[in-house]
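Trainee: I have a model open and want to learn how to read its features. Where do we begin?

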Amino acid sequence: MADGSIAGIASLKGAVSEAEWKARVNLAALYRLVALHGWDDMVDTHISARIPGPEHHFLINPYGMFFEEITASSLVKVDLDGNIIQETPYMINPAGFTIHSAIHHAREDAQYVMHLHTDQGVAVSAQKHGLLPISQTALIVLPRLAYHDYEGIALDLDERERLVADLGSNSTMLLRNHGTLALGPSAADCWNAMFFLERACKMQIMALSAGMENILLAPQASQDVVREQVSPRSNTPRLSGETMRGALIWPGCLRRLDRERPGYDA
C-alpha cells in the first residue's frame, strides 16, 4: 500500500484507550525509525512498549512483518505469560517475549525496550574489551552500559532472571555475541539511548580498522568528567537518558517519518 501499511489490519484507533493508542503510535514510530536507519534484521529483533495500567500488558511486533511495514494497529498486545490478548493473524517472536517480558516485569521505568542485531552492535558485543572509551559518544554511554553473556537463542525463560540481574539499573546493554539493547521511560528516551549506543559501536569499529595499537583512549580524567556530566546528580544539562534532548529530538523524528515512512500511525 502507498502508506506502507498492510492490507487486512483493521484500525484500532478509537477501539482502544487513548493511552494505549499513544503507546502504539510511538512504538510503531520506533520500528519505522530503526528501518529508516538500516538497523532492522528482516523480521528478527524486536521493540516493545508497556501499556499504561496495572495489567503489565505490553505491545510487540507481529512476527513476520518487516519493520518498515509496522503500524500502530498491527502491533500485538500480550501479557507477561505470553498470551496474545487481541485478535490478530500474527504470532509473536518467542525470543522477543523472553527478553521483553523480563525487563518490563522487573523495571517500572522500562516503558519502551529495544533490541537490535546491527552489524556494528554485534561486532562490539563480540570484542573482549567491549565498548571502549574512544569517543565522546562512548563516554556518554558507558556510565549506564551493562553486559550479558550469550546463552543461545533466548528461548529459555530461565534466562530472564540472569538478564535482569546483569542489566541492573542501567539503560543500555551489550548482549555478548548477540547485539544491543536499550530502554527508557518514553519512546524518545529509548531511541536516544539506542542511537548513542549504536553510534558509539559504529565509531569503534571504524577506529579499530587502524589497529588497536593506534587507538587513543580518552584520558581517565575526561572520562570522569563526562560520567559526572551525565549523572542524574549533575546540575548540568543531561546529555542522554531522561533529558530535554529527548523532547527536542522526538518531534523531529516523527516529522522525518511523516516525510519518508508515512503510515506508522494507522
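Trainee: In which loop is His56 found?

Mentor: His56 is found in the loop between β1 and β2. Those labels come from DSSP runs: helices are H or I runs of at least four residues, strands are E runs of at least two, and numbering starts at the N terminus. Two notes on the source. This is a predicted model, in which local features need pLDDT of at least 70, side-chain atom pairs count only at pLDDT 80 or more, and totals for chains, interfaces and linings use all residues. Residues are numbered from 1 along each chain as its sequence is written, and side-chain values use heavy atoms, with hydrogens and water left out.

Trainee: What is the phi of His56?

Mentor: The general idea goes before the case. Most residues other than glycine have a negative phi. His56 has a positive phi, near 60 degrees. Met42 is another non-glycine residue with a positive phi, about 50 degrees. Met42 is found in the loop between α1 and β1. A glycine case is Gly38, which follows α1 and has a positive phi near 75 degrees.

Trainee: How many helices and strands does the protein chain have?

Mentor: The count is eight helices and seven strands.

Trainee: How many residues of α1 are buried?

Mentor: In α1, 16 of the 19 residues are buried, so α1 is largely enclosed by the rest of the structure. For α2, 10 of the 13 residues are buried, so α2 too is largely enclosed. The buried residues of α2 include Phe97, Ile99 and His104.

Trainee: Which elements do the buried residues of α2 pack against?

Mentor: Packing is read through contacts, meaning heavy atoms within 4.5 Å. The buried residues of α2 pack against β1 (46-50), β2 (58-60), β4 (112-116), α5 (159-167) and β7 (179-184).

Trainee: Which residues is Ala49 in contact with?

Mentor: Ala49 is found in strand β1. At 0% relative accessibility, Ala49 counts as buried. Leaving aside neighbours within four places in sequence, the contacts of Ala49 include Ala23, Leu27, Phe58 and His104. The C-alpha atoms of Ala49 and Ala23 are separated by 6.6 Å, and these residues are 26 apart along the chain.

Trainee: Where is Leu33 found?

Mentor: Leu33 is found in helix α1. Leu33 is buried, with a relative accessible area of 1%. Leaving aside neighbours within four places in sequence, Leu33 is in contact with Trp191, Trp250, Cys253 and Leu257.

Trainee: What radius of gyration does the protein chain have?

Mentor: The radius is taken over C-alpha atoms, and the globule rule is 2.2 Å times the number of residues to the power 0.38. With 266 residues, a compact globule would have a radius near 18 Å; the protein chain has 18 Å, which agrees. Buried residues make up 52% of the 266 residues. Among contacts between residues at least 6 apart in sequence, 69% join residues at least 24 apart.

Methods
Buried < 20%, exposed > 50% of the residue type's maximum accessible area, 1.4 Å probe, protein only.
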